[in-house]
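Hi everyone, thanks for coming along. Please have the viewer open while I talk, and stop me whenever you like.

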Amino acid sequence: MTTIVDLDGVSPVAEGRVIGPPPPPDVLLDVRGLKTHFHVMDGTVAAVDGVDFQLKRGETLGLVGESGCGKSVTSLTIMRLIDIPPGEIVAGEIWFDGREILSLPMSDMRQIRGADMSMIFQEPMTSLNPVFTVGNQIAEAVKAHRQVSNKEAWDRAVEMLEAVGIPSPERRVKQYPHELSGGMRQRVMIAMALSCDPKLIIADEPTTALDVTIQAQILELIKSMQERTGAALLLITHDLAVVAETVQRMAVMYAGKIVETGTAEDVLLNPKHPYTQGLITSIPSNVARGQRLNVIRGTVPNPFRMPRGCRFQPRCPMAFEPCLDFDPPLRTTDPGRRAACWLHYPPSERPTSREVATSAAPMQTERVAKP
Amino acid sequence: MTSRIDTVVGAEAGIPSGLGAPDEISDVEVSLVSLNQWQLALKRFLRHKMALIGLAVFCTIIFISIIGPIIAPYNPIDIPGAKVQGGDPPSMQHLFGTDDAGRDVYTNIINGAHVSLAVGLFSTLIAGVIGVIVGSLAGAAGGFTDNLLMRIVDLTFAIPLLFLILVAAVFFGQGSMVALILVFGLLQWGLIARLVRAQFLSLRETDFVEAARAVGVSNLRITFRHILPNALGPVIVVMTLLMASNIVLEAFVSFLNFGIAPTEATWGNALSNSQGAMGDGNWWWAFFPGMAIALTVISINFIGDGLHDALDPRARL
């Protein structure tokens with residue numbers, strides 16, 4: 001059972017864990033080999049299973065993938081908002097602003113949340129507490145991190161509402177969430193997330209729950225706020241169009257792993273991984289009228305029974321021998337491009353089935369971390 | 001909608017110089033009266049006709065219980081009627097008739113009202129205060145604390161009521177009202193505690209609690225400022241219903257002669273005294289106290305029903 005009054009000071013990872021050297025100072029967020037698993041009744045779900053990526057200061061990165069591929073769990077792990085148990089951060093390091101945050105006690109982590117990194121959620125309709133005014137909630141976020149008077153916190157709330165383009169903020173600030181539309185509430189959420197000038201903004205599907213006409217405005221707002229404050233942006237979405245419009249770099253996730261990274265333009269125009277190719281060709285506008293829509297055959301693998309070898313292999317039109325037994329690691333294919341596919345390895349570097357007997361051990365089971 | 005539209009002033013629109021393309025900005029600007037959740041609930045409650053009737057009846061009963069003894073036709077310790085076997089039927093002198101001893105039933109009911117109401121109200125308040133504290137502690141802490149507190153709750157449900165009243169009588173004296181209030185309160189807080197805990201468990205999974213955590217709000221603040229106010233709606237409803245059931249319970253234990261001392265004028269005692277009289281056809285003796293109990297309980301239940309609809313967070317105005 002999880003707790004709200006948790007044991008402050010307990011870090012989610014085992015003591016004596018060996019961590020690597022810090023990343024260079026221009027790297028704001030460095031996620032290394034992150035594995036977040038959930039222990040549920042039917043077994044263990046490896047929701048995030050070895051994710052690596054870096055985000056430089058002021059950079060924008062899109063994390064793309066189907067539902068259930070682990071995008072949201074990745075972001076919640078970075079925020080340390082995963083409930084432990086049933087969750088467990090099995091392995092990995094998260095470096096944020098020069099500190100390894102997985103080893104921080106929860107009280108320190110709370111100081112980082114909202115102040116240095118903050119999150120914009122998917123559901124603006126339910127993410128605001130119905131019993132308080134929006135001003136109250138923004139002021140609360142300010143007061144959680146700054147030694148300010150109630151008046152100053154309130155003024156900051158008004159200022160933030162104005163910054164996110166809410167008309168007559170002095171009046172809106174006194175309103176309750178139910179009095180605002182979905183688009184307005186998402187603006188309030190953005191105001192709340194940015195009220196302490198965070199260095200990293202994590203936006204988890206910020207436009208998915210919104211009306212199509214509002215989506216573009218909210219994206220535009222997030223982008224302009226990001227540019228104005230110089231914060232880095234991690235945008236999580238399943239919508240390739242959103243990625244194309246908003247971010248510089250993107251990472252594609254499939255079944256708990258990153259399968260391809262690169263600049264948004266490169267990845268979208270010249271996808272390397274068969275999964276990314278499938279995603280792009282399945283956009284309906286790519287098909288002439290009357291033609292059948294392109295789909296990726298099959299379904300996302302059952303999290304309790306991940307396929308052997310490459311996880312995309314059962315659905316991959318280009319799967320060949322090594323894919324069946326070996327999971328390809330990410331490999332730099334071009335400068336700034338990485339893909340996890342044996343097709344992009346020279347034949348000499350592909351494992352042969354002779355090695356199967358020795359190296360095709362089952363999934364790593366060592367536990368680096370304990371709750 | 002949820003807000004009252006006072007004026008429609010289109011020209012007020014388009015003030016801000018904020019970022020992002022205007023979405024609602026270009027809308028017709030309306031002047032809104034902000035209502036918080038409690039004000040909204042009040043509005044919904046005022047639309048509930050049965051609840052309003054219940055409230056009116058209940059207020060009348062409270063009013064009578066306070067000023068009743070002043071305006072009652074007879075002094076409760078007087079025995080105005082003649083001592084007739086089985087009492088006198090209702091007449092102009094004795095509106096609700098008299099009982100065996102010649103006491104005026106109407107006077108008895110009026111004087112008994114405050115006992116029933118006090119037992120119902122105070123026992124429910126005790127149960128509510130303990131229940132909310134224990135329930136939020138269990139729901140917020142989880143783990144071992146939660147388990148321990150919930151087992152204590154199970155225990156309170158296992159204690160037999162009448163036995164506890166007998167034990168309490170040793171300390172407070174036979175037929176003490178304080179003892180009855182304490183026993184009811186101490187046996188029933190578990191009900192509230194379970195409810196509050198359940199509310200906590202579901203509320204802490206809500207998006208707004210996660211959003212509060214994500215901006216670094218402390219756990220204590222999340223518990224008391226974000227979760228507790230949202231959990232109180234159902235608690236208030238259940239407490240109303242509990243109060244009604246405690247009034248019945250008081251009458252019940254008094255009927256069994258476990259309750260308030262039989263010399264006191266209470267509704268339960270009036271019913272208890274009427275045992276056997278029904279067979280003689282002396283209906284007034286039991287009927288009027290019974291009606292008083294039924295009317296009180298029904299009016300409280302209507303209020304509870306109205307509160308349930310008013311405090312339902314999914315309800316729309």
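Let me begin with one word I'll be using: a contact here means heavy atoms within 4.5 Å. And please keep in mind that this is a predicted model.

Is Thr261(A) buried or exposed? Its relative accessible area is 8%, and buried means under 20%, so Thr261(A) is buried. Which residues does Thr261(A) touch, leaving aside those up to four places away in sequence? They are Met250(A), Ala251(A), Val267(A), Gly336(A), Arg337(A) and Arg338(A).

The buried ones are Pro274(A), Tyr275(A), Thr276(A), Gly278(A), Leu279(A) and Ile280(A). What do they pack against? Their partners in chain A are helix H8 (240–246), strand S9 (249–254), strand S10 (257–263) and helix H9 (264–269).

Now zoom out to chain A as a whole. Chain A has 12 helices and 12 strands. Its C-alpha trace spans about 70 × 60 × 40 Å along the principal axes. How does its radius of gyration fit with a compact globule? For 371 residues, such a globule would come out near 21 Å, and chain A has 22 Å, which agrees. Of those 371 residues, 55% count as buried. And if you take the contacts between residues at least 6 apart in sequence, 65% of them join residues at least 24 apart.

Next, a helix pair in chain A. Find helix H3, residues 134–145, and helix H6, residues 182–194. Their axes come within 8 Å and cross at roughly 20 degrees. Angles under 35 degrees count as roughly parallel, and H3(A) and H6(A) are therefore roughly parallel to each other. The crossing of H3(A) past H6(A) is right-handed. On the H3(A) side, the contact is made by Val134(A), Gln137(A), Ile138(A) and Ala141(A), and on the H6(A) side by Val188(A), Ala191(A) and Met192(A). Sorted by class, that gives six nonpolar residues, one polar and no charged ones.

On to chain B. Chain B has 10 helices and two strands. In what order do they come? From the N terminus, the elements run β-β-α-α-α-α-α-α-α-α-α-α. Of the 317 residues in chain B, 47% are buried. Among contacts with a separation of 6 or more, 69% are between residues 24 or more positions apart.

Chain B has a helix pair for us too: helix H3, residues 105–141, and helix H6, residues 177–203. The axes of H3(B) and H6(B) come within 5 Å and cross at roughly 35 degrees. H3(B) passes H6(B) in a right-handed crossing. The residues of that contact divide into 22 nonpolar, eight polar and one charged.

One last stop: Ile62(B), in helix H2 of chain B, residues 49–71. With a relative accessible area of 32%, Ile62(B) is partly exposed. How far is Ile62(B) from Leu117(B), in sequence and in space? The two are 55 residues apart in sequence and 7.8 Å apart in space, C-alpha to C-alpha.

That's my tour, and I'm happy to take questions.

Key: Residues numbered from 1 in each chain as written. Chains lettered and ligands numbered in written order. Predicted model: local features only at pLDDT ≥ 70, side-chain atom pairs only at ≥ 80, totals over all residues. Heavy atoms only, no water. Axes fitted to C-alpha atoms, helices over the stretch in contact; angles between N-to-C directions. Helix = DSSP H or I, 4+ residues; strand = E, 2+ residues; numbered from the N terminus. Parallel < 35°, antiparallel > 145°, perpendicular 65-115°, else oblique. Left-handed = near helix turned anticlockwise from the far one by under 90°. Nonpolar A, V, L, I, M, F, W, Y, C, P; charged D, E, K, R; others polar. Rg over C-alpha atoms; globule rule 2.2 N^0.38 Å. Buried < 20%, exposed > 50% of the residue type's maximum accessible area, 1.4 Å probe, protein only.
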